[in-house]
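User: Hello! Could you walk me through how to read a few features here?

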Amino acid sequence: MANQVHSRRRPTPRRAAFTLIELMIVVAILGILASIALPMFRTFLLRSRTSEVAANLSAMFKDVTTYYASERAGQGQGAATFTACTVDAAGPMPAAPAAQKQPMPNTDPSFRALGFSIPGFVYYSYGAYPEGNTSTCNGTANDNTVYTLYANGDLDVDGTLSLFELAVGSDNDNQLFHARGMHIENELE
């Protein structure tokens with residue numbers, strides 16, 4: 001029995017791998033994270049699209065202010081009849097807001113008179129309308145609302161428009177100012 005060989009089993013090296021349960025737990029965690037992240041991403045995307053509104057309404061306000069206070073001698077108004085002037089209703093441009101950016105055409109005569117244009121593409125439709133009886137050259141001081149500048153858009157093409165309005169009035173010196181904030185309806189639809 002001295003020659004008896006003891007067979008010893010060598011331990012087989014264990015392979016490093018994930019078990020099925022571990023993989024299922026990871027997939028479940030990823031699903032939970034995705035269900036939280038996707039709505040937040042949609043909100044972030046819509047907020048980023050609305051960021052153009054503040055800059056464009058600010059540019060429109062500057063153009064309206066320049067037009068309101070400028071001399072009309074070369075535009076059918078005599079220098080003696082100069083007072084503060086507004087244009088007729090302008091916009092909306094582009095006519096059909098959509099989920100994709102569109103060029104803003106510069107064909108509206110009131111926008112051309114204001115000098116307002118947006119050279120790039122926009123998500124929103126922009127417009128301006130004079131309030132009360134100020135569409136001619138008779139703007140008066142202390143007028144609470146001379147213009148309402150607006151932007152509207154349907155970012156997710158569901159038929160619900162988001163609306164941003166900026167009220168513009170005149171002070172004691174008949175200088176234009178705008179409201180501190182905007183009136184906003186359905187910001188993210």
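User: Is Y129 buried, partly exposed or exposed?

Analyst: Buried means under 20% relative accessible area, exposed means over 50%, and partly exposed lies in between (1.4 Å probe, protein chains only). Y129 is partly exposed, at a relative accessible area of 29%. Please keep in mind that this is a predicted model, where local features need pLDDT of at least 70, side-chain atom pairs count only at pLDDT 80 or more, and totals for chains, interfaces and linings use all residues. Residues are numbered from 1 along each chain as its sequence is written, and side-chain values use heavy atoms, leaving out hydrogens and water.

User: Which residue forms an aromatic pair with Y129?

Analyst: Rings of Phe, Tyr and Trp (its six-membered ring) pair if their centres lie within 6.5 Å; planes under 30 degrees apart count as stacked, over 60 as edge-to-face and the rest as tilted. By this rule there are 3 aromatic pairs. In one of them, Y129 partners Y150 in a tilted arrangement, 5.8 Å centre to centre with 45° between the planes. Y129 sits in strand β4 (residues 125–130) and Y150 in strand β5 (residues 147–153), so the pair links parts of the chain 21 residues apart. Y150 is buried, with a relative accessible area of 12%.

User: How many helices and strands does the chain have?

Analyst: Helices (H or I, at least four residues) and strands (E, at least two) are DSSP runs, numbered from the N terminus. This chain has 2 helices and 8 strands, in the order α-β-β-α-β-β-β-β-β-β.
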